[in-house]
Amino acid sequence: MKQLLSLILIFSILSSCDRKKSDKTQSEFNPKTELKAETKSEPQKELETIQSKKKKDTINNYWALILDTISSKKEFKISDFRHTLELKTYSLNDSSIVRNLAQEGEQAYLDHSHKMVTDFKLLTDSIVDKKQINRTDFEEILIPEFYAECNLFSTEIDSISGNIVYLTSDLAVPDTDNQWRVWYSIKIKDKSIGNLEIKESDYVGM
């Protein structure tokens, strides 16, 4: 009986020691895990600080709205029907053309200017048809690097032959001498305006 009690007592002491050792090991392990997590988040915080600083350091220049409007009008006949063409070129207030003017290694400098468009209006008796011309109409014929920064500068009617209207549009990079001219035509059919048919383009400077 005494031997049995002695065995129970020894077992209880050993169990108690194992629990304390396990608790100690666990308590030592937790701080290391937390420290590792903190260390891992530091690079992320540093990256966010750099990105925030870059965003804050960017300079944005916005052009004033261009209030000048260029208008022209032509009258002609197709099958004894009198037609009137009206062109109006003006600026939208959209700041949609954005250029980064900073040199490599310099602070970011973004230049925002407004898109120019031409309203092409056909009047036949009481019927009115309209088409809006903008730089996207000439994307396929222009050099990609030029197209990315250019704006519509002007649109003019060159001539009218039968039911075909011949036009030229000049496109330029804002505030530079980089300017191209595009020649194209538009067919008038059943008192409505057809699609643009691009002929050619060429560099013309200023």
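Predicted model: local features only at pLDDT ≥ 70, side-chain atom pairs only at ≥ 80, totals over all residues.
**Entry 1: the aromatic cluster**

I started with the rings and found that F146, W180 and Y203 form one aromatic cluster. Rings of Phe, Tyr and Trp (its six-membered ring) pair if their centres lie within 6.5 Å; planes under 30 degrees apart count as stacked, over 60 as edge-to-face and the rest as tilted.

Residues are numbered from 1 along each chain as its sequence is written, and side-chain values use heavy atoms, with hydrogens and water left out.

**Entry 2: aromatic pairs**

How many aromatic pairs does a search of the whole structure find? I get 3. In one of them, the ring centres of F138 and Y184 are 5.3 Å apart and the planes stand at 55°, so I logged the pair as tilted. F138 sits in the loop between β7 and α2 (144–147), while Y184 belongs to strand β10 (residues 179–189), so this pair ties together parts that are 46 residues apart in sequence. For the element names, helices (H or I, at least four residues) and strands (E, at least two) are DSSP runs, numbered from the N terminus.

F138 has 0% relative accessibility, so it counts as buried. Y184 has 1% and is also buried.

F146 and W180 form a tilted pair too, 6.1 Å centre to centre with 50° between the planes. F146 lies in helix α2 and W180 in strand β10, so here the parts tied together are 34 residues apart in sequence. I have F146 down as buried at 5% relative accessible area, and W180 as buried at 18%.

**Entry 3: charges over rings**

Next I looked for a charge over a ring (NZ of Lys or CZ of Arg within 6 Å of the ring centre and within 35 degrees of the ring normal). R135 lies over the face of Y147, 4.8 Å from the ring centre. The charged end of K191 sits over the ring of F81, at 4.3 Å from its centre.

**Entry 4: the four-stranded sheet**

I then traced an open sheet of 4 strands in the order β2-β3-β6-β7, with antiparallel pairing. Two strands pair if DSSP finds at least two bridges between them. Which strands are at the edges? They are β2 (70–78) and β7 (127–133), each of which pairs on one side only. On average, neighbouring strands of this sheet are turned by 15° against each other, direction ignored; the axes are lines fitted to C-alpha atoms, for helices over the stretch in contact, and angles run from 0 to 180 degrees between N-to-C directions.

At the β2 end, 9 bridges join β2 to the antiparallel strand β3 (residues 81–91), and K74 stands opposite L85 in β3. β2 and β3 make a hairpin with 2 residues between them, and S79 in the turn has a positive phi of about 50°.

At the β7 end, I found 7 bridges between strand β6 (residues 116–124) and β7, again antiparallel. D119 has Q132 in β7 as its bridge partner.

**Entry 5: a closer look at Q132**

Q132 lies in strand β7 and is partly exposed, with a relative accessible area of 39%. What does Q132 contact, leaving aside its neighbours within four places in sequence? The list is Y90, V117, T118, D119 and D137, where contact means heavy atoms within 4.5 Å.

I also checked polar contacts (pairs of N or O atoms within 3.5 Å; within protein, one must be able to donate a hydrogen and the other to accept it, and residues adjacent in sequence count only if both atoms are side-chain atoms). The Q132 side chain makes one to the side chain of D119 at 3.1 Å and one to the side chain of Y90 at 3.5 Å.

**Entry 6: D111**

D111 is in strand β5 (residues 109–113) and counts as buried at 3% relative accessibility. Beyond neighbours within four places in sequence, the contacts of D111 include W63, N61 and R99.

**Entry 7: the whole protein**

To finish, I counted 2 helices and 11 strands. Of the 206 residues, 27% count as buried.

Notes: Buried < 20%, exposed > 50% of the residue type's maximum accessible area, 1.4 Å probe, protein only.
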